[in-house]
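Dear colleague,

I am handing over the structure below. My notes on its salt bridges follow.

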Amino acid sequence: MNNIILIGMPGAGKSTVGVLLAKTLGYAFLDTDLVIQEREGRLLQDLVDELGVEAFLDREAAAIGSVDCDRTVIATGGSVVCRDGAMEHLKDLGRIVYLQLPLEELERRLHNISTRGIAMAPGETLAHIYDYRSPLYQKYADLTVAVDRQTLEETVEQVLNALR
């Protein structure tokens with residue numbers, strides 16, 4: 001249980017911060033979005049489009065359940081919190097850090113929402129999924145780090161301070 005798992009909305013910086021955090025700690029880095037793509041042989045957006053959101057979330061949870069690592073920073077997809085089983089598995093693997101970002105900043109950062117592989121049903125907006133997922137991120141997080149307009153290095157430092 002010496003892994004660090006990053007959760008949060010798409011665009012919160014989980015993958016980018018995760019790589020820097022892993023380098024700082026001398027840990028490995030794992031992006032669960034890439035695990036899903038490798039298992040399924042398709043891009044995330046193609047999976048969401050072909051399967052629909054609910055089936056995609058089930059496939060994502062199965063991929064998360066296959067993760068077994070040590071001394072690794074794990075960056076998850078933003079929708080990982082939508083399946084209890086996936087989150088229970090991640091809790092068994094390590095400490096969960098929620099990278100919390102205000103909706104306004106997410107909207108500023110995300111310009112490719114329709115092609116990024118975000119698990120959104122037709123007609124849903126970023127605000128819809130933000131309102132649905134925010135309480136779930138808080139529920140599962142061991143630690144919460146507010147990340148709003150600081151540099152990547154400052155965010156990594158905040159995460160390290162929170163983990164201490």
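Is Arg-83 buried or exposed? Arg-83 counts as buried, at 18% relative accessibility; buried means under 20% relative accessible area, exposed over 50%, and partly exposed in between (1.4 Å probe, protein chains only).

This is a predicted model, in which local features need pLDDT of at least 70 and side-chain atom pairs count only at pLDDT 80 or more, while totals for chains, interfaces and linings use all residues. Residues are numbered from 1 along each chain as its sequence is written, and side-chain values use heavy atoms, with hydrogens and water left out.

The whole structure holds nine salt bridges (a side-chain nitrogen of Lys or Arg within 4 Å of a carboxyl oxygen of Asp or Glu).

Glu-40 and Arg-59 pair at 2.6 Å, N to O. Glu-40 lies in helix H2 (residues 32-40) and Arg-59 in helix H4 (residues 53-65), so this bridge ties together parts 19 residues apart in sequence. Helices (H or I, at least four residues) and strands (E, at least two) are DSSP runs, numbered from the N terminus. Arg-59 is partly exposed, at 33% relative accessibility.

Asp-58 bridges to Arg-83, with the closest N and O atoms 2.8 Å apart. Asp-58 is in helix H4 and Arg-83 in the loop between strand S3 (72-75) and helix H5 (84-93), so the pair ties together parts 25 residues apart in sequence. Asp-58 is partly exposed at 44% relative accessibility.

Asp-142 and Lys-91 form a salt bridge at 3.0 Å between the closest N and O atoms. Asp-142 sits in the loop between helix H7 (126-140) and strand S5 (143-146), and Lys-91 in helix H5, 51 residues apart.

Regards
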